[in-house]
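Q: I have a model open and would like to learn how to read it. Can we go through it together, one feature at a time?

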Amino acid sequence: MCMPELNAGPVPNENDFFRWLLREAVRANPMYVISAALVAYAIEQLMTDLDPQIGKLAGIVTVLGLLHLYEIAALVVATIVLKRRTRGGLDMHGLLIVAALYLGATFIALDELIAIRPTLGLILVPLSLLAAAFKLYWYSRLPGVFFPARFRNVMLVLLGAHSLSPLVNSGALLRGVDPVVSQGYAWLVGWCAFLWVLHLICTETGVRTASPSSLRSDDALPPDPLATRNCGIFAVTIASATSLTHLLVSDWIFDRTYDFARLYPLLIIAAASFVLIRWRNHRAFGFFESALALAPCCFVQYLWREFVVSGQSFNLVTALSPAGQVWAAAIAFYIVLAQGTGNRAFYAGITSSAIVPIWVPLWKQRSGIPYFRALLTAGLGFVSLALGLIVSLYREAWLKKLKS
(Lines give C-alpha, C1' and ligand atoms only; values in the text may rest on other atoms or scores of the structure.)
Protein backbone atom coordinates (compact mmCIF):
# COMPACT_ATOMS: atom_id res chain seq x y z
CA MET A 1 0.00 0.00 0.00
CA CYS A 2 1.44 3.34 -1.02
CA MET A 3 1.41 6.22 1.40
CA PRO A 4 -0.18 9.40 0.01
CA GLU A 5 2.30 12.17 -0.73
CA LEU A 6 2.15 15.21 1.51
CA ASN A 7 1.06 18.41 -0.21
CA ALA A 8 4.21 20.53 0.01
CA GLY A 9 3.00 23.22 -2.32
CA PRO A 10 4.29 24.02 -5.78
CA VAL A 11 7.75 22.75 -6.54
CA PRO A 12 9.98 25.67 -7.50
CA ASN A 13 11.32 25.56 -10.98
CA GLU A 14 15.06 25.02 -10.83
CA ASN A 15 15.42 27.28 -13.86
CA ASP A 16 13.89 30.29 -12.08
CA PHE A 17 17.18 31.22 -10.42
CA PHE A 18 19.11 31.00 -13.67
CA ARG A 19 16.44 33.03 -15.46
CA TRP A 20 16.66 35.68 -12.73
CA LEU A 21 20.46 35.67 -12.91
CA LEU A 22 20.38 35.98 -16.69
CA ARG A 23 17.82 38.78 -16.51
CA GLU A 24 19.93 40.72 -14.00
CA ALA A 25 23.04 40.17 -16.11
CA VAL A 26 21.25 41.58 -19.15
CA ARG A 27 19.84 44.49 -17.15
CA ALA A 28 23.14 45.51 -15.53
CA ASN A 29 25.39 44.19 -18.34
CA PRO A 30 28.60 43.39 -16.43
CA MET A 31 30.53 42.83 -19.67
CA TYR A 32 31.96 46.37 -19.56
CA VAL A 33 33.43 45.85 -16.10
CA ILE A 34 34.72 42.43 -17.13
CA SER A 35 36.27 44.01 -20.22
CA ALA A 36 38.01 46.67 -18.12
CA ALA A 37 39.33 44.04 -15.71
CA LEU A 38 40.70 41.93 -18.57
CA VAL A 39 42.46 44.91 -20.14
CA ALA A 40 43.88 45.90 -16.76
CA TYR A 41 45.24 42.37 -16.34
CA ALA A 42 46.71 42.51 -19.85
CA ILE A 43 48.48 45.76 -18.98
CA GLU A 44 49.85 44.22 -15.79
CA GLN A 45 51.20 41.30 -17.79
CA LEU A 46 52.77 43.64 -20.34
CA MET A 47 54.50 45.56 -17.58
CA THR A 48 55.90 42.27 -16.26
CA ASP A 49 56.83 40.59 -19.52
CA LEU A 50 58.29 43.62 -21.31
CA ASP A 51 60.17 44.77 -18.18
CA PRO A 52 59.83 48.54 -18.70
CA GLN A 53 62.93 49.54 -16.75
CA ILE A 54 64.84 52.74 -17.28
CA GLY A 55 66.08 52.86 -20.86
CA LYS A 56 63.53 50.35 -22.21
CA LEU A 57 60.71 52.20 -23.92
CA ALA A 58 58.95 49.29 -25.63
CA GLY A 59 56.80 48.26 -22.68
CA ILE A 60 55.81 51.80 -21.76
CA VAL A 61 54.86 52.79 -25.30
CA THR A 62 52.88 49.56 -25.72
CA VAL A 63 50.95 50.17 -22.51
CA LEU A 64 50.19 53.78 -23.46
CA GLY A 65 49.00 52.70 -26.89
CA LEU A 66 46.75 50.01 -25.41
CA LEU A 67 45.25 52.47 -22.92
CA HIS A 68 44.43 55.05 -25.60
CA LEU A 69 43.05 52.36 -27.91
CA TYR A 70 40.76 51.07 -25.17
CA GLU A 71 39.58 54.60 -24.34
CA ILE A 72 38.67 55.20 -27.99
CA ALA A 73 36.88 51.84 -28.16
CA ALA A 74 34.85 52.69 -25.04
CA LEU A 75 33.96 56.06 -26.57
CA VAL A 76 32.78 54.37 -29.78
CA VAL A 77 30.66 51.86 -27.83
CA ALA A 78 29.05 54.61 -25.73
CA THR A 79 28.29 56.62 -28.88
CA ILE A 80 26.65 53.69 -30.67
CA VAL A 81 24.50 52.71 -27.68
CA LEU A 82 23.38 56.18 -26.59
CA LYS A 83 22.53 57.19 -30.17
CA ARG A 84 20.08 54.26 -30.31
CA ARG A 85 18.66 54.47 -26.75
CA THR A 86 16.92 57.29 -24.91
CA ARG A 87 18.13 56.30 -21.42
CA GLY A 88 21.55 55.25 -20.21
CA GLY A 89 20.68 52.48 -17.79
CA LEU A 90 22.98 50.52 -15.49
CA ASP A 91 25.10 49.18 -18.33
CA MET A 92 25.98 52.69 -19.54
CA HIS A 93 26.76 53.75 -15.98
CA GLY A 94 29.34 50.98 -15.76
CA LEU A 95 30.86 51.83 -19.13
CA LEU A 96 31.25 55.53 -18.36
CA ILE A 97 32.77 54.81 -14.95
CA VAL A 98 35.29 52.56 -16.69
CA ALA A 99 35.98 55.32 -19.23
CA ALA A 100 36.64 57.87 -16.45
CA LEU A 101 38.99 55.49 -14.63
CA TYR A 102 41.00 54.75 -17.75
CA LEU A 103 41.19 58.46 -18.58
CA GLY A 104 43.06 59.03 -15.32
CA ALA A 105 45.12 55.87 -15.76
CA THR A 106 46.47 57.19 -19.06
CA PHE A 107 48.12 60.12 -17.30
CA ILE A 108 49.54 57.85 -14.60
CA ALA A 109 51.05 55.60 -17.29
CA LEU A 110 52.93 58.62 -18.68
CA ASP A 111 55.07 58.81 -15.53
CA GLU A 112 57.36 55.94 -16.52
CA LEU A 113 57.95 57.54 -19.90
CA ILE A 114 58.66 60.93 -18.33
CA ALA A 115 61.16 59.29 -15.98
CA ILE A 116 63.12 58.12 -19.03
CA ARG A 117 62.63 61.13 -21.34
CA PRO A 118 61.66 64.20 -19.27
CA THR A 119 61.60 66.59 -22.23
CA LEU A 120 59.24 64.28 -24.08
CA GLY A 121 56.81 64.69 -21.21
CA LEU A 122 56.58 68.44 -21.91
CA ILE A 123 55.02 67.51 -25.25
CA LEU A 124 52.97 64.46 -24.34
CA VAL A 125 51.25 65.88 -21.24
CA PRO A 126 49.70 68.87 -23.09
CA LEU A 127 48.73 66.59 -25.98
CA SER A 128 47.12 64.15 -23.55
CA LEU A 129 45.17 66.99 -21.94
CA LEU A 130 43.91 68.11 -25.36
CA ALA A 131 42.88 64.53 -26.14
CA ALA A 132 41.14 64.28 -22.75
CA ALA A 133 39.30 67.55 -23.38
CA PHE A 134 38.08 66.21 -26.74
CA LYS A 135 36.93 62.90 -25.23
CA LEU A 136 35.05 64.65 -22.42
CA TYR A 137 33.42 67.03 -24.88
CA TRP A 138 32.37 64.10 -27.07
CA TYR A 139 30.76 62.34 -24.10
CA SER A 140 28.93 65.55 -23.18
CA ARG A 141 27.34 65.69 -26.64
CA LEU A 142 25.86 62.18 -26.44
CA PRO A 143 22.09 61.90 -25.96
CA GLY A 144 20.99 61.42 -22.35
CA VAL A 145 24.28 62.67 -20.88
CA PHE A 146 24.29 65.90 -18.85
CA PHE A 147 27.95 66.86 -18.57
CA PRO A 148 28.37 70.64 -18.80
CA ALA A 149 31.68 72.45 -19.24
CA ARG A 150 32.03 73.43 -15.58
CA PHE A 151 32.40 69.77 -14.59
CA ARG A 152 34.68 68.95 -17.50
CA ASN A 153 36.94 71.90 -16.70
CA VAL A 154 37.37 70.76 -13.10
CA MET A 155 38.36 67.30 -14.31
CA LEU A 156 40.93 68.75 -16.71
CA VAL A 157 42.38 70.98 -13.97
CA LEU A 158 42.77 67.99 -11.65
CA LEU A 159 44.34 65.79 -14.31
CA GLY A 160 46.64 68.56 -15.54
CA ALA A 161 47.77 69.75 -12.11
CA HIS A 162 48.67 66.26 -10.96
CA SER A 163 50.52 65.61 -14.21
CA LEU A 164 52.96 68.34 -13.17
CA SER A 165 54.28 66.05 -10.42
CA PRO A 166 56.41 63.80 -12.69
CA LEU A 167 57.51 66.80 -14.79
CA VAL A 168 58.74 68.62 -11.69
CA ASN A 169 60.52 65.65 -10.19
CA SER A 170 62.06 64.47 -13.44
CA GLY A 171 63.74 67.86 -13.83
CA ALA A 172 61.74 68.75 -16.94
CA LEU A 173 60.43 71.92 -15.24
CA LEU A 174 62.81 72.39 -12.31
CA ARG A 175 66.48 71.55 -12.70
CA GLY A 176 68.97 71.34 -9.86
CA VAL A 177 66.28 71.61 -7.18
CA ASP A 178 66.48 69.59 -3.99
CA PRO A 179 64.22 66.47 -4.25
CA VAL A 180 62.43 67.39 -1.02
CA VAL A 181 61.61 70.83 -2.42
CA SER A 182 60.45 69.42 -5.77
CA GLN A 183 58.23 66.94 -3.94
CA GLY A 184 56.77 69.82 -1.95
CA TYR A 185 56.00 71.70 -5.17
CA ALA A 186 54.24 68.64 -6.61
CA TRP A 187 51.97 68.19 -3.59
CA LEU A 188 51.33 71.93 -3.33
CA VAL A 189 50.05 72.09 -6.90
CA GLY A 190 48.06 68.91 -6.27
CA TRP A 191 45.99 70.09 -3.31
CA CYS A 192 45.63 73.62 -4.69
CA ALA A 193 43.88 72.11 -7.74
CA PHE A 194 41.16 70.81 -5.41
CA LEU A 195 40.24 74.41 -4.55
CA TRP A 196 38.43 74.46 -7.90
CA VAL A 197 36.34 71.54 -6.62
CA LEU A 198 35.32 73.73 -3.67
CA HIS A 199 34.33 76.47 -6.11
CA LEU A 200 32.23 73.96 -8.02
CA ILE A 201 30.50 72.93 -4.79
CA CYS A 202 29.66 76.57 -4.04
CA THR A 203 28.08 77.05 -7.45
CA GLU A 204 26.30 73.70 -7.73
CA THR A 205 24.92 72.81 -4.30
CA GLY A 206 21.43 73.98 -3.48
CA VAL A 207 20.54 74.31 -7.18
CA ARG A 208 18.38 71.78 -8.96
CA THR A 209 19.22 71.38 -12.61
CA ALA A 210 18.59 68.62 -15.12
CA SER A 211 19.30 68.05 -18.75
CA PRO A 212 16.42 68.65 -21.18
CA SER A 213 17.37 65.29 -22.71
CA SER A 214 16.01 63.56 -19.61
CA LEU A 215 12.52 64.96 -20.18
CA ARG A 216 11.29 62.84 -23.06
CA SER A 217 8.41 60.51 -23.70
CA ASP A 218 9.53 58.42 -20.76
CA ASP A 219 9.61 61.37 -18.35
CA ALA A 220 7.15 59.56 -16.08
CA LEU A 221 10.12 57.44 -14.97
CA PRO A 222 12.74 58.83 -12.59
CA PRO A 223 15.44 60.71 -14.52
CA ASP A 224 18.47 58.67 -15.39
CA PRO A 225 21.52 59.75 -13.31
CA LEU A 226 23.48 60.33 -16.52
CA ALA A 227 20.94 63.02 -17.43
CA THR A 228 21.36 64.89 -14.12
CA ARG A 229 24.18 66.59 -12.24
CA ASN A 230 25.07 63.21 -10.74
CA CYS A 231 26.90 62.43 -13.97
CA GLY A 232 29.30 65.33 -13.45
CA ILE A 233 29.58 64.67 -9.70
CA PHE A 234 30.60 61.05 -10.27
CA ALA A 235 33.05 62.07 -12.99
CA VAL A 236 34.75 64.69 -10.77
CA THR A 237 34.88 62.22 -7.88
CA ILE A 238 36.62 59.62 -10.03
CA ALA A 239 39.03 62.25 -11.38
CA SER A 240 39.83 63.30 -7.79
CA ALA A 241 40.60 59.71 -6.80
CA THR A 242 42.80 59.01 -9.83
CA SER A 243 44.60 62.34 -9.37
CA LEU A 244 45.45 61.54 -5.77
CA THR A 245 46.63 58.10 -6.89
CA HIS A 246 48.79 59.85 -9.48
CA LEU A 247 50.66 61.76 -6.77
CA LEU A 248 51.28 58.60 -4.74
CA VAL A 249 52.44 56.68 -7.83
CA SER A 250 54.78 59.53 -8.82
CA ASP A 251 56.41 59.41 -5.39
CA TRP A 252 57.03 55.69 -5.92
CA ILE A 253 58.34 55.99 -9.49
CA PHE A 254 60.78 58.78 -8.65
CA ASP A 255 61.91 57.16 -5.37
CA ARG A 256 60.67 60.04 -3.26
CA THR A 257 60.38 59.44 0.48
CA TYR A 258 56.73 58.83 1.22
CA ASP A 259 55.31 60.92 4.02
CA PHE A 260 51.70 60.45 5.13
CA ALA A 261 51.71 64.05 6.37
CA ARG A 262 51.62 65.13 2.71
CA LEU A 263 47.96 64.08 2.72
CA TYR A 264 46.99 66.49 5.51
CA PRO A 265 46.17 69.46 3.23
CA LEU A 266 43.93 67.18 1.15
CA LEU A 267 42.11 66.12 4.32
CA ILE A 268 41.49 69.80 5.07
CA ILE A 269 40.07 70.30 1.57
CA ALA A 270 37.85 67.23 2.05
CA ALA A 271 36.60 68.69 5.35
CA ALA A 272 35.84 71.98 3.61
CA SER A 273 33.90 70.11 0.93
CA PHE A 274 31.76 68.34 3.53
CA VAL A 275 31.05 71.52 5.51
CA LEU A 276 30.16 73.48 2.37
CA ILE A 277 27.81 70.78 1.08
CA ARG A 278 26.04 70.56 4.44
CA TRP A 279 25.73 74.32 4.74
CA ARG A 280 24.52 75.03 1.24
CA ASN A 281 22.00 72.18 1.30
CA HIS A 282 20.67 72.66 4.85
CA ARG A 283 21.73 76.20 5.85
CA ALA A 284 22.69 74.97 9.31
CA PHE A 285 25.64 73.58 11.21
CA GLY A 286 25.44 70.65 13.59
CA PHE A 287 28.02 69.59 16.14
CA PHE A 288 30.02 67.53 13.64
CA GLU A 289 30.18 70.35 11.07
CA SER A 290 31.20 72.84 13.75
CA ALA A 291 33.95 70.52 14.98
CA LEU A 292 35.25 70.13 11.42
CA ALA A 293 35.25 73.91 11.00
CA LEU A 294 37.47 74.29 14.08
CA ALA A 295 39.75 71.33 13.32
CA PRO A 296 42.17 72.95 10.79
CA CYS A 297 42.83 75.88 13.12
CA CYS A 298 43.75 73.53 15.97
CA PHE A 299 45.62 71.07 13.75
CA VAL A 300 47.97 73.68 12.29
CA GLN A 301 48.88 74.80 15.82
CA TYR A 302 49.82 71.21 16.70
CA LEU A 303 51.88 70.58 13.54
CA TRP A 304 53.95 73.73 13.91
CA ARG A 305 54.56 73.16 17.58
CA GLU A 306 55.66 69.54 17.01
CA PHE A 307 57.52 69.60 13.70
CA VAL A 308 58.97 73.06 13.10
CA VAL A 309 62.43 73.17 14.66
CA SER A 310 63.04 75.89 17.20
CA GLY A 311 65.08 78.75 15.78
CA GLN A 312 64.55 77.56 12.20
CA SER A 313 64.04 80.41 9.74
CA PHE A 314 60.92 80.43 7.59
CA ASN A 315 62.46 79.43 4.26
CA LEU A 316 61.34 77.56 1.14
CA VAL A 317 61.87 74.14 2.73
CA THR A 318 59.67 75.10 5.68
CA ALA A 319 56.99 76.57 3.42
CA LEU A 320 56.82 73.40 1.27
CA SER A 321 56.98 71.02 4.22
CA PRO A 322 53.78 69.32 5.40
CA ALA A 323 53.50 71.82 8.25
CA GLY A 324 53.87 74.77 5.86
CA GLN A 325 51.33 73.37 3.40
CA VAL A 326 48.81 72.60 6.14
CA TRP A 327 49.23 76.21 7.27
CA ALA A 328 48.39 77.46 3.76
CA ALA A 329 45.53 74.96 3.40
CA ALA A 330 44.01 76.07 6.72
CA ILE A 331 44.02 79.71 5.59
CA ALA A 332 42.42 78.70 2.27
CA PHE A 333 39.90 76.61 4.24
CA TYR A 334 38.58 79.60 6.19
CA ILE A 335 38.57 81.93 3.20
CA VAL A 336 36.51 79.43 1.19
CA LEU A 337 34.07 78.83 4.07
CA ALA A 338 33.63 82.57 4.66
CA GLN A 339 32.95 83.16 0.97
CA GLY A 340 30.85 80.04 0.44
CA THR A 341 28.61 80.45 3.49
CA GLY A 342 28.56 84.25 3.66
CA ASN A 343 29.51 84.00 7.36
CA ARG A 344 32.35 86.41 8.09
CA ALA A 345 33.06 84.75 11.43
CA PHE A 346 35.17 82.21 9.53
CA TYR A 347 37.72 84.92 8.82
CA ALA A 348 38.75 84.62 12.48
CA GLY A 349 40.27 81.27 11.54
CA ILE A 350 42.63 83.09 9.17
CA THR A 351 43.97 85.21 12.02
CA SER A 352 44.42 82.20 14.25
CA SER A 353 46.33 80.34 11.54
CA ALA A 354 48.36 83.34 10.35
CA ILE A 355 49.92 84.04 13.76
CA VAL A 356 51.27 80.49 14.08
CA PRO A 357 54.70 81.28 12.51
CA ILE A 358 55.03 84.06 15.09
CA TRP A 359 53.88 82.52 18.35
CA VAL A 360 55.33 79.02 17.89
CA PRO A 361 59.01 80.18 17.76
CA LEU A 362 58.37 82.48 20.70
CA TRP A 363 56.76 79.64 22.63
CA LYS A 364 59.70 77.34 21.95
CA GLN A 365 62.12 80.03 23.15
CA ARG A 366 60.04 80.94 26.19
CA SER A 367 62.68 79.64 28.60
CA GLY A 368 64.92 82.53 27.58
CA ILE A 369 62.27 85.20 28.09
CA PRO A 370 62.21 86.66 31.65
CA TYR A 371 58.91 86.23 33.50
CA PHE A 372 57.39 84.55 30.42
CA ARG A 373 54.46 82.86 32.17
CA ALA A 374 53.61 85.94 34.18
CA LEU A 375 53.69 88.17 31.11
CA LEU A 376 51.64 85.68 29.07
CA THR A 377 48.91 85.26 31.67
CA ALA A 378 48.78 89.01 32.29
CA GLY A 379 48.42 89.63 28.56
CA LEU A 380 45.64 87.06 28.32
CA GLY A 381 43.96 88.76 31.28
CA PHE A 382 43.86 92.09 29.44
CA VAL A 383 42.57 90.38 26.29
CA SER A 384 39.80 88.70 28.31
CA LEU A 385 38.90 92.06 29.82
CA ALA A 386 38.56 93.58 26.35
CA LEU A 387 36.44 90.65 25.18
CA GLY A 388 34.21 91.09 28.23
CA LEU A 389 33.70 94.72 27.29
CA ILE A 390 32.69 93.77 23.75
CA VAL A 391 30.25 91.11 25.00
CA SER A 392 28.65 93.56 27.44
CA LEU A 393 28.23 96.25 24.77
CA TYR A 394 26.56 93.94 22.25
CA ARG A 395 24.98 91.47 24.68
CA GLU A 396 21.33 92.23 23.92
CA ALA A 397 21.78 92.22 20.16
CA TRP A 398 23.63 88.91 20.24
CA LEU A 399 21.02 87.32 22.54
CA LYS A 400 18.23 88.31 20.12
CA LYS A 401 20.19 86.93 17.19
CA LEU A 402 20.90 83.63 18.99
CA LYS A 403 17.22 83.20 19.92
CA SER A 404 16.03 83.65 16.34
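This is a predicted model: local features need pLDDT of at least 70, side-chain atom pairs count only at pLDDT 80 or more; totals for chains, interfaces and linings use all residues.

Q: Is R152 buried or exposed?
A: The general idea is to compare the relative accessible area with a cut-off, and buried means under 20%. R152 has a relative accessible area of 15%, so it counts as buried.

Q: Which residues is R152 in contact with, leaving aside neighbours within four places in sequence?
A: For contacts, look for heavy atoms within 4.5 Å. Here R152 contacts L136, Y137, S140 and F147. Take L136 from that list: it is 16 residues from R152 along the chain, and their C-alpha atoms are separated by 6.5 Å.

Q: Let's zoom out to the helix. At what angle do helix 6 and helix 9 pack?
A: With helix pairs, check the angle and the axis distance together. Helix 6 covers residues 149-169 and helix 9 covers residues 229-253; they pack at about 5°, and their axes are 9 Å apart. Angles under 35 degrees count as roughly parallel, so helix 6 is roughly parallel to helix 9. By class, their contact has 12 nonpolar, 9 polar and 1 charged residues.

Q: How do helix 10 and helix 13 pack?
A: Helix 10 (residues 264-282) meets helix 13 at an angle of about 10°, with 9 Å between the axes. That makes helix 10 roughly parallel to helix 13. On the helix 10 side, the contact includes Y264, P265, I268 and W279; on the helix 13 side, Q325, V326, F333 and T341 are among the residues involved. The residues of this contact divide into 14 nonpolar, 3 polar and 1 charged.

Q: Q325 came up there. Where is it found, and is it buried or exposed?
A: Q325 is in helix 13. Its relative accessible area is 3%, so Q325 is buried. Not counting residues up to four places away in sequence, Q325 touches G184, W187, L188, W191, R262, P265, A319 and L320. P265 also belongs to the helix 10 side of the contact with helix 13.

Q: Now a loop. Where is R344 found, and is it buried or exposed?
A: R344 lies in the loop between helix 13 (322-341) and helix 14 (347-354). Exposed means over 50% relative accessible area, and R344 counts as exposed because its value is 71%. R344 and Y334 are 10 residues apart in sequence, with 9.4 Å from C-alpha to C-alpha.

Q: What about the cysteines: how many disulfides does a search of the whole structure find?
A: The thing to look for is a pair of cysteine sulfur atoms within 2.5 Å. A search of the whole structure finds 0 disulfides. As for individual cysteines, C231 counts as buried at 12% relative accessibility, and C297 counts as buried at 14%.

Q: And the whole protein: how many helices and strands does it have?
A: The secondary structure comes to 17 helices and 0 strands. Buried residues make up 41% of the 404 residues. The protein exposes about 23100 Å², with carbon and sulfur atoms supplying 69% of that area.

Technical notes: Residues are numbered from 1 along each chain as its sequence is written. Side-chain values use heavy atoms; hydrogens and water are left out. Axes are lines fitted to C-alpha atoms, for helices over the stretch in contact, and angles run from 0 to 180 degrees between N-to-C directions. Helices (H or I, at least four residues) and strands (E, at least two) are DSSP runs, numbered from the N terminus. Angles under 35 degrees count as roughly parallel, over 145 as roughly antiparallel, 65 to 115 as roughly perpendicular and the rest as oblique. Ala, Val, Leu, Ile, Met, Phe, Trp, Tyr, Cys and Pro count as nonpolar, Asp, Glu, Lys and Arg as charged, and the others, Gly among them, as polar. Buried means under 20% relative accessible area, exposed over 50%, partly exposed in between (1.4 Å probe, protein chains only). Accessible areas come from the Shrake-Rupley method with a 1.4 Å probe; for residues, only the protein chains shown count as cover.
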